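The following exercises are meant to be worked with the sequence and the coordinates side by side. Try each task before reading its solution.

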Amino acid sequence: MKRQNVSQCHGYLLLEVLIAVVLLSVIAVSILPTINFMLTRSRRSTFDSQASLVLQAGMEGTYHIFMDNWQAYPHGRYKLISDISTSDKPRWILLPLAPDEEHLIQSKYKRVIEIQPITRDPQTGVQGPGNTDPDSRAVVTKVSWDEAGIAKNISAQLLLVKLGG
């Protein structure tokens, strides 16, 4: 009688191992795509964050340039670079871009800074069709990059107004 119990136990052990392998396979098949999705999303978030920083640096650099010298740059397309040749303290400068040129940053991102005129209604002073306002400018910064074969881009606009004389 004891031999029948021993042989029946061996069959149950094999069945338990088979069930455990099937359960682990189901769990692995359901978790691996989730991990892949999370890694892909993390990579995309990194690209988006870096692009936002490139955009913000362009806006802040242009803002500081215009706070130092309002008339330094006419309307047009520019790239922002750091000039360290004039003094110990680096400063931002804008260099003109050709109509189809873009400034490559970190070998991935392309940034273009556009300085645009602002027009205002002569009756109300509200922004819109009318006369060009010499004391207002729009700075539009555009950043584009390629992410897994898909073109991505972000942009921001800053309205600069010269107050006082």
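Two strands are taken to pair if DSSP finds at least two bridges between them, and the strands themselves (E, at least two residues), like the helices (H or I, at least four residues), are DSSP runs numbered from the N terminus. The model is predicted, so that local features need pLDDT of at least 70 and side-chain atom pairs count only at pLDDT 80 or more, while totals for chains, interfaces and linings use all residues. Residues are numbered from 1 along each chain as its sequence is written, and side-chain values use heavy atoms, with hydrogens and water left out.

**Exercise 1. Strand pairing around β4**

**Exercise 2. The hairpin of β5 and β6**

Task: Describe the pairing of β5 with strand β6 (residues 150-161), and find which residue between these strands takes a positive phi.

Solution. The pairing of β5 and β6 is antiparallel and extends over 12 bridges, with T141 standing opposite A156 of β6. The hairpin has 2 residues between its strands, and the residue with a positive phi is A148, which is found in the loop between β5 and β6. Most residues other than glycine have a negative phi. For A148, phi is near 55°, a positive value in a residue other than glycine. A148 also counts as exposed, at 78% relative accessibility, where exposed means over 50% relative accessible area, buried under 20% and partly exposed in between (1.4 Å probe, protein chains only).

**Exercise 3. Salt bridges**

Task: Determine how many salt bridges the structure holds, and which residue forms a salt bridge with E114.

Solution. Apply the criterion of a side-chain nitrogen of Lys or Arg within 4 Å of a carboxyl oxygen of Asp or Glu; the structure then holds 4 salt bridges. One of them joins K110 to E102, with the closest N and O atoms 3.9 Å apart. K110 is partly exposed at 37% relative accessibility, and E102 is likewise partly exposed, with a relative accessible area of 38%.

In another, E114 meets K142, the closest N and O atoms being 3.1 Å apart. This pair links distant parts of the chain, since E114 lies in strand β4 and K142 in strand β5, 28 residues apart. E114 counts as buried at 15% relative accessibility, whereas K142 is partly exposed at 39%.

The side chains of D133 and R120 also meet in a salt bridge, at 2.6 Å from N to O. Because D133 lies in strand β5 and R120 in strand β4, the pair ties together parts that are 13 residues apart in sequence. D133 counts as buried, at 17% relative accessibility.

**Exercise 4. Aromatic rings**

Task: Count the aromatic pairs in the whole structure, and decide whether the pair of Y73 and Y78 is stacked or edge-to-face.

Solution. Rings of Phe, Tyr and Trp (its six-membered ring) pair if their centres lie within 6.5 Å, and planes under 30 degrees apart count as stacked, over 60 as edge-to-face and the rest as tilted. A search of the whole structure on this basis gives 3 aromatic pairs. The pair of Y73 and Y78 is edge-to-face, at 5.6 Å centre to centre and 75° between the planes. Y73 is buried with a relative accessible area of 14%, and Y78 is buried with 5%. Together with F66, Y73 and Y78 form one aromatic cluster.
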